[in-house]
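Work through the exercises below with the sequence and the model open. Try each task before reading its solution.

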Amino acid sequence: MNPIMKSLSVALGERDPETRLHSDRVIGLSRELGAHIELSSAELEILGLAACLHDIGKIGIPDRILLKPGCFAPDERETMRSHALIGERIVKSIDDERSGMLSGIVRHHHENYDGSGYPDGLRGTDIPLFARIISLADNYDAMATTRPYHPGRPHREIIDILAGSDGEKFDPDLLHAFCHIIERSPLRTA
Ligand SMILES: [Fe+2]
């Protein structure tokens with residue numbers, strides 16, 4: 001890994017250990033899904049880096065919002081959402097030939113397949129493939145993990161949510177593949 005990227009990951013852990021641990025699990029789930037759809041080893045490397053750095057922009061979010069145990073007011077939600085753009089700027093500034101591609105993935109990791117996401121409301125395959133993969137891993141782990149504002153959900157309930165009313169948010173082919181790999185994944189929750 002580019003040493004600057006490694007340092008950024010450590011910095012995120014110093015700022016917010018939970019986000020660092022979450023990012024580590026998102027790396028694992030993203031790479032499992034990427035391997036299942038037969039990405040090359042070079043592609044898996046980039047996917048892992050993007051997963052590692054997807055929430056790096058949270059470094060720029062004030063503690064009163066980043067660590068808030070509850071629902072956000074509309075202005076707080078907007079501030080929290082800005083982590084995608086902050087992260088894009090941070091990653092774009094890294095002196096690495098992959099930083100342009102990586103920063104685009106970081107920018108778009110909260111886009112939804114149906115166009116309801118942010119920051120750009122991209123739809124379908126206009127969303128970078130690796131951002132679509134990370135979105136699935138990110139959502140699964142967020143629901144599986146106990147946070148100050150919600151308990152961790154059981155595996156079956158998460159799958160029902162991903163495939164049910166939230167199903168249109170995700171790439172249907174990737175969702176199908178994810179539902180397959182997660183059953184045997186060491187990162188599957190109980
Ligand atoms: Fe995020």
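**Exercise 1: the core**

The largest nonpolar core has 36 residues, and those with the most contacts inside it are A50, L53, I134, A137 and Y140. Such a core is a set of buried Ala, Val, Leu, Ile, Met, Phe, Trp, Tyr and Cys residues joined through C-beta atoms within 7 Å. Buried means 20 or more other C-beta atoms within 10 Å of the residue's own; exposed means 12 or fewer; partly exposed lies in between; C-beta atoms are placed from the backbone. This is a predicted model, where local features need pLDDT of at least 70, side-chain atom pairs count only at pLDDT 80 or more, and totals for chains, interfaces and linings use all residues. Residues are numbered from 1 along each chain as its sequence is written.

*Task.* Find which helix gives the core its largest share.

*Solution.*
1. List the suppliers. Helices 1 (3–15), 2 (17–36), 3 (41–53), 6 (83–92), 7 (99–107), 8 (129–144), 9 (155–163) and 10 (172–181) each supply at least two residues of this core. Helices are DSSP runs (H or I, at least four residues), numbered from the N terminus.
2. Pick the top one. Helix 8 provides the largest share, nine residues.
3. Inspect Y140. Leaving aside neighbours within four places in sequence, Y140 is in contact with L29, I158, L162 and I182. Contact means C-beta atoms, placed from the backbone, within 7 Å.

**Exercise 2: a helix pair**

*Task.* Describe how helix 1 packs with helix 3.

*Solution.*
1. Take the geometry. The angle is about 35°, and the axes are 10 Å apart. Axes are lines fitted to C-alpha atoms over the stretch in contact, and angles run from 0 to 180 degrees between N-to-C directions.
2. Name the residues. M5, L8 and S9 in helix 1 meet L49, C52 and L53 in helix 3.
3. Sort them by class. The contact has five nonpolar residues, one polar and no charged.

**Exercise 3: backbone exceptions**

*Task.* Locate the cis peptide bond and the residue with positive phi that is not a glycine.

*Solution.*
1. The cis bond joins Y118 and P119, with omega about 10°. P119 sits in the loop between helix 7 and helix 8.
2. The positive phi, about 65°, belongs to E38. E38 is in the loop between helix 2 and helix 3.
3. Check the surroundings. E38 counts as exposed because 7 other C-beta atoms lie within 10 Å.

Key: Contact = placed C-beta atoms within 7 Å. Nonpolar A, V, L, I, M, F, W, Y, C, P; charged D, E, K, R; others polar.
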